[in-house]
Structures are given as C-alpha cells and as structure tokens.
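Student: I am new to this structure. Could we go through its inner spaces and aromatic rings together?

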Amino acid sequence: MHRLKTLAGILTLASLLVAGAASAAVNTGSANFSKYVALGDSLTAGFSSGSINRTYQVNSYPALIYRQATGMTTGFEQPLVSEPGLPGILRLVSLRPLSIAPTPGTGQPTNLNLPRPYDNLAVPGAKLHDLLTKTESTSASDPTDLVLRRLGFTQLQQGLSLKPTFVTLWIGNNDVLGAATSGIAIGGVTLTPVDQFQADYTAVVNAIASTNAKMALANIPDVTSIPFVTTLSRFIVNPATNQPVLVNGQPVPLIGPNGPLQAGDFVLLTATAELAQGRGIPTALGGSGQPLSDTSVLSAAEAATIHDYIVAYNQIIAKAATDKGAALVDANAILKDLATNGIRVGGISYTSAFLTGGVFSYDGVHPTAFGYAYIANQFIDAINKQFGGDIPEVDLYPFVFGPLPKRGVAPAEELTGLVFTAEARRNLLQSLSVPQWIVDGTKPPRKPRHPRG
C-alpha cells in the first residue's frame, strides 16, 4: 500500500510538472492554469440542443480555455456522454413542416469511473444555491449524479478538493431562465430572492478565494437576448408570405391568456405546438379562438420583473469580481451586442436568430459549437486583461463548419411553420430546473395551512 501511495505521489508530481511546462509556453500573466476547475450550469457543461452530449462537451468553453491556456489537449476531465446524449439531442425531424424533436435513445457516460472529481463540474440545471447544498439527483431527469456521482459532496466541495489554481464561475442563469422559458415569473418560485442570491454568491466566491485560486466570473444575460424568447412574433403571421395578417390595415395580435398581446409581450418558442392547433388565433381568421396558455407567453410585466432580478444579480457579481480581483465576463452586454449587431467571421455574419443565426442551437437557449468557441474567447479576453496574460484566442474558423446545427439549415420564411414538440419542450424545461408542476402544466402545489393558535 505504501508503494502504491508513493507511486501515486510520483505520478501526480509528474503530471503537475508536465502541466507547468506546457503552461509556461503560454503567457498567462499572473493566472496559473496548472489546475483549472470550472463551476456552473449547463452553459459551462457544454450543453447544446437540449442535451449533454460528447459532440459539444469536448468543445465546452472551459475545455477550450484549458487548451488555449496550457497548450495541452489532455488532462482536463469532463463527464462525457456518448451520442445521442442525455436526453437525446434535439434534431430536425422534418423540413416541411419544420419540426424539432429529441433524438430517440439515450447516451451513456464514458468516464464515470474517473478516480477523482472532474475538472469541469458544471451541472446542467444547477442553480446558485445547488453549489452549496446539492450532492445528488432528485429525479430521473436530473443530471446531478452524472457529474457529482453520489460521492456525498457538492459541486463546490468537489471542485475545491482538487486544489485549483484557477476557477471559472458562471452560475445564476437558472435562477432566472426557468421563469423566462416557462412564462411564469414568480419571486421565490421561479426567481431566486435577491438577498438569498447575494448570500449564496458571497459564500461561493469566498470559498474559492480561500484557496488562493484566481477567478473569472461571468454575469447573467438578459432573457430577451435568446431566440427562445424572441423568435416568434406577437402578431398573427400568414405562413404563405411570412408577413403579418392585416385587418383594416393593422396587424392582428395573437390572443394571450389576458387578451390580445400587447407591446413588450413575448411569445415563447414552445408556443409553436399551440399555434399549430390554432390557439391564439381568432375563429374569424381560421383559429380556435382559444388563448395561448400562460406558459407559452412571457408578458411585458413578467419580462420587466425578470430584468430587475438580473440587474440585481449582476450588481452582486460585479462587486464580487471587484472585491476578489477576479476577471469579469460581461455576458449580458456580449449577448445584447450579438442580438443587436451580430458578429462577422471570415466574411460570414452570425446573429442571435433561431436556426439561421449560427450561434444558438436547436433549443433556442444554449449555444452551438461556434457559440461556445465565441464565449471562450470572451473569457480569454477578460482573463488576459485582468491578469496581464497573452493567452491566444480560439481560432473560430474550424467552428464555422462544426457540428450541427449548421447555418442556413432552414430559410427564415419557413420558421412560421415551426413546431417545437411537446417532448422537446419538456426536456428543455427539465434541464433548466423549472418546477415540475410547470413542466407538467398542472396547478402549483398548495402551501400547507398553519394550525390556528
């Protein structure tokens, strides 16, 4: 046993020396990537098109940062899953009509027996509080066990046990995303109270700082920057012309749960199945006359509520970055700029448009391989700026023709016939920690009555 421990120690020392030698070839400034740990949620895990899948995981933004900062292609371990992923990755079932549904079957973990915690410990669906408390899955659709493997320790505890020298932390997205994607913004139910977010975020960054590891923190994007929220018009559209239906020269709004949709209301991607059934469309225009469900619409008031929470969360994250001397990645501003101006690579324009923009995957929330490479470069730029390094950016060209979905897969005029299937909706909402009663479309559970004194 003593000889085994000695051998393990020699191998560990050798691996650190190799990592150190490799990182010396790259100017990382005062940042040290000899042991890099990534903490977060699905965006850090490399989740794409409604699935955690090796095809995208190998190019998660942490994996790309590691390769750029160390010059190494091995040594950064992730909970890889074989195709078609968990759950089955979303795909185009047909072009006419345009239908998106999960791929049948499920993938399998490929390195479940790694004898130490993974370097990328991000758990799809994780909220901020989960980093401090959650050690195992709570349902069959919960991927926590895939990453944390029921070792009895939280994501944060496992990450710190690796004695990291550098940590990236992008967490808090699911503290607001569930409210946006479910169309139900309720403080304390789908939105984490700000005081709890502040206490939890402070606890997480303090724990990381106690190890003397340097950090890069990313903030929370605005939900109106993602195509899941912005793709569909609030007006009735003629599928033959892709133009609004006009009555007396005016466009006709869809019928929402509170009447005709107003300016600032959003129709969610999951509304496509209801629209295909005629819901939201008056009978005079060939519809059922039934309103769209509350979970298919994000009202202007709900969007404003979510926006206020995001502003508060991002102030907390910015202060933590300042207090701890961490690099700050302004994902909020980056995605707003993408939605407004797009980006050009090699003469090709990329936008936040659904299916045709090239940045967002089939679920309308998570990036494509190109999108993750672009995000990796935003982290690298922030790290270089904060720590005086010269880590080279990821070459985006190979990702222009990377894994599906490819650009131009569906002409914009065909999007009016899009159907995001009920199964696709269910898988996506479950991955974002949306309460089960919202996923199932049932009434919220009653609060227990307090006995009268």
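Tutor: Gladly! A search of the whole structure finds 2 cavities of 30 Å³ or more. This is a predicted model, where local features need pLDDT of at least 70, side-chain atom pairs count only at pLDDT 80 or more, and totals for chains, interfaces and linings use all residues. Residues are numbered from 1 along each chain as its sequence is written, and side-chain values use heavy atoms, leaving out hydrogens and water.

Student: Why is Phe33 called buried?

Tutor: Buried means under 20% relative accessible area (1.4 Å probe, protein chains only). Phe33 has 1%, so Phe33 is buried. Phe166, at 0%, is buried too.

Student: What makes the pair of Phe33 and Phe166 stacked?

Tutor: Rings of Phe, Tyr and Trp (its six-membered ring) pair if their centres lie within 6.5 Å; planes under 30 degrees apart count as stacked, over 60 as edge-to-face and the rest as tilted. Phe33 and Phe166 lie 4.5 Å centre to centre with 25 degrees between the planes, so they are a stacked pair.

Student: Why is the pair of Tyr36 and Phe166 called edge-to-face?

Tutor: The ring centres of Tyr36 and Phe166 are 6.3 Å apart and their planes stand at 65 degrees, so this pair is edge-to-face. Tyr36 lies in strand β1 and Phe166 in strand β4, so the pair ties together parts that are 130 residues apart in sequence.

Student: Which residues form one aromatic cluster?

Tutor: Phe33, Tyr36, Tyr66, Phe76, Phe166 and Phe387 do.

Technical notes. On a 1 Å grid over the protein atoms alone, a cavity is a set of points where a 1.4 Å probe fits but cannot get out, and a pocket is an open set with protein on both sides within 12 Å along at least five of seven lines; lining residues have an atom within 4 Å of a point. Grid points are joined across faces, edges and corners, and a volume is the space filled by probe spheres set on the points. Buried means under 20% relative accessible area, exposed over 50%, partly exposed in between (1.4 Å probe, protein chains only). Helices (H or I, at least four residues) and strands (E, at least two) are DSSP runs, numbered from the N terminus.
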